[in-house]
Amino acid sequence: MAIVGLNELFADAEARGYAVPAFNVCDLENVQSILNAAEEMKAPVILQAAREEVQYAGGECLVGMIRATARNRGLMLAIHLDHGPSFEFAAKCIRYGFTSVMYDGSRLDVEKNAQETRRIVEMAHAVGVSVEAEIGTIGNTEMGEVVESQYLADPVTAERFAEQTGVDCLAAAFGTAHGLYKGEPKLDFDRLAEIRRRVRVPLVMHGGTGIPPAAVKKGIALGIRKINFSTILRKAFIDEMKDFMGRNPDELMTMTILSAASRAMGASAREMIAMCGANGRA
Ligand SMILES: [Zn+2]
């Protein structure tokens, strides 16, 4: 087992032209089903948790659970903070044992975002932890936010931001959004290509749920090396749980219910791993 930072994972992804899937986790069922999928498919994976997920599980419990589940299975993985809200929270997660953190200063003006990101990069790099940052604004389909062009990352700004901050990878908004898309997502690949031309570090795609496989492929060809999947796995889990309860309304063993839901989540994870081209890479 190797629990590493993102750079170790990106080196191979860059050399062989694939993306490492990043799955959000907050409980044992998530961790087991995703790590089982990773082991079966010999795929490197990133297990990540946003603030609410870290708080739900407890940071030490979450890291302990991942480490114990991954032990002796020859896995290559990173434990990453998703959309970190502050320097303090990033420091806390590093103390818990996260090997990578994201700082999301996308709601700040870009200079402030760069300053705060730089501060976190200095702190994290001092202890061998990698840093992701966000530029532009990745919308949220559930909040009805429209991904208009003014929210997308400007390539020149992205180039300067990456140089100023020293980040290890960059989530540069090019039209994806969190949650379930209402129609076909409108992705600005010309913008992504220009960002790729200017920015030297690997790029991250948030809002992987519902992006058609052909668009994922195109993104990977244009330098996307990490793709975040959260809603799609939760949906698989919950759909199966509802189905299962419909078929077995008197079931009282939570283990039985959760096992069925976990299998559905694992199947979804395997599908996303294959879509990223990450199978057989670990
Ligand atoms: Zn995100």
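1. The model is a predicted one, in which local features need pLDDT of at least 70 and side-chain atom pairs count only at pLDDT 80 or more, while totals for chains, interfaces and linings use all residues. Residues are numbered from 1 along each chain as its sequence is written, and side-chain values use heavy atoms, with hydrogens and water left out.

2. His 83 and His 206 are buried. Buried means under 20% relative accessible area, exposed means over 50%, and partly exposed lies in between (1.4 Å probe, protein chains only).

3. Next, the largest pocket. Its volume is about 720 Å³. It is lined by 33 residues, and the closest to its centre are Ala 50, Asp 82, His 83, Asn 140 and His 178. A pocket is found on a 1 Å grid over the protein atoms alone, as an open set of points where a 1.4 Å probe fits, with protein on both sides within 12 Å along at least five of seven lines; lining residues have an atom within 4 Å of a point. Points are joined across faces, edges and corners, and the volume is the space filled by probe spheres set on them.

4. Which elements give two or more residues to the lining of the largest pocket? They are strand S3 (45-50), helix H3 (51-57), S4, strand S7 (139-140), strand S11 (224-229) and helix H10 (231-247). By type, the lining has six nonpolar, 17 polar and 10 charged residues. Ala, Val, Leu, Ile, Met, Phe, Trp, Tyr, Cys and Pro count as nonpolar; Asp, Glu, Lys and Arg count as charged; the others, Gly among them, count as polar.

5. The largest nonpolar core has 93 residues. Phe 23, Leu 77, Val 101, Leu 170 and Ile 227 have the most contacts inside it. Helix H11 (residues 254-276) gives the most to this core, with seven residues. Such a core is a set of buried Ala, Val, Leu, Ile, Met, Phe, Trp, Tyr and Cys residues joined through side-chain atoms within 4.5 Å. Beyond four places in sequence, Ile 227 touches residues including Ala 19, Met 205, Val 216 and Cys 276. Contact means heavy atoms within 4.5 Å.

6. Is Ala 49 buried or exposed? Ala 49 is buried, at 1% relative accessible area. It belongs to strand S3. Its C-alpha atom is 5.3 Å from that of Asn 24, 25 residues away along the chain. Among the residues it touches beyond four places in sequence are Asn 24, Leu 62, His 80 and Asp 82.

7. Two residues deserve a look for their backbone. Most residues other than glycine have a negative phi. Lys 42, not a glycine, has a positive phi of about 50°. It is in the loop between helix H2 (28-41) and S3, and it is exposed at 52% relative accessibility. Asn 72 also has a positive phi, near 60°. Its loop runs between helix H4 (59-70) and S4, and Asn 72 is exposed at 72%.

8. Gln 164 lies in helix H7 (residues 155-165) and is partly exposed, at 36%. It contacts Glu 111, Ala 114 and Arg 118, leaving aside neighbours within four places in sequence. Val 110 is in helix H6 (residues 110-126) and is partly exposed, at 31%.

Terms used. Helix = DSSP H or I, 4+ residues; strand = E, 2+ residues; numbered from the N terminus.
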